[in-house]
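Let's take a friendly walk through this structure, one residue at a time. Have the model open as you read.

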Amino acid sequence: MLEHMADSPSAPAVSWNPDGLSFVIIDPDRFMRDVVPKYFQQTKFRSFTRQLNLWGFQNLHRREWMHKHFVRGKNEEMHLIRRIGGDNSPLKM
């Protein structure tokens, strides 16, 4: 998702930080309208951020999130992202 958005010629709704260790949701309304429906079932920003928490993502700042296994260019680590509690199944991308 972020790789596709980073290559988008239009102003991004979400972007990697320069270090590639976290991402920032720049425009929550646009993000929920144009990006989230392509990949997730959530329709509300609050629900989406709740899901990030359940998958172990940390909120660094207002709309900045990170997970030690969600790093730009290291897709091979994404299978290590697990839901906290519940079924503990891997993240599906």
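Predicted model: local features only at pLDDT ≥ 70, side-chain atom pairs only at ≥ 80, totals over all residues.

Since Phe31 belongs to helix H2 and Phe48 to helix H3, the pair ties together parts that are 17 residues apart in sequence. Now compare Tyr39 and Phe40, whose ring centres are 6.4 Å apart with planes at 50°, so this pair is tilted. Here Tyr39 is partly exposed at 39% relative accessible area, and Phe40 is partly exposed at 24%. In total the structure holds 7 aromatic pairs, and ring pairs also link Trp16, Phe23, Phe57 and Phe70 into a cluster.

Next, step back to the core. The largest nonpolar core has 17 residues, and the members touching the most others are Phe23, Ile25, Phe31, Phe48, Phe57 and Phe70. Strands E1 (14–16) and E2 (23–25), along with H2 and helix H3 (45–54), each give two or more residues to this core. H2 gives the most, with 4 residues.

So what does H2 look like? Its 12 residues, 28–39, should span 16 Å at 1.5 Å a residue, and the end C-alpha atoms lie 15 Å apart, which agrees. Buried along H2 are Pro28, Arg30, Phe31, Met32, Val35 and Val36.

Finally, look at strands E3 (residues 58–61) and E4 (residues 64–66), which pair in the antiparallel sense over 3 bridges. A hairpin joins E3 to E4 through 2 residues, and His61 has Glu64 in E4 as its bridge partner.

Note on methods. Residues numbered from 1 in each chain as written. Heavy atoms only, no water. Pairing = 2+ DSSP bridges. Expected span 1.5 Å × (residues − 1). Buried < 20%, exposed > 50% of the residue type's maximum accessible area, 1.4 Å probe, protein only. Core = buried A, V, L, I, M, F, W, Y, C linked by side-chain atoms within 4.5 Å. Phe/Tyr/Trp six-rings, centres within 6.5 Å; stacked < 30°, edge-to-face > 60°.
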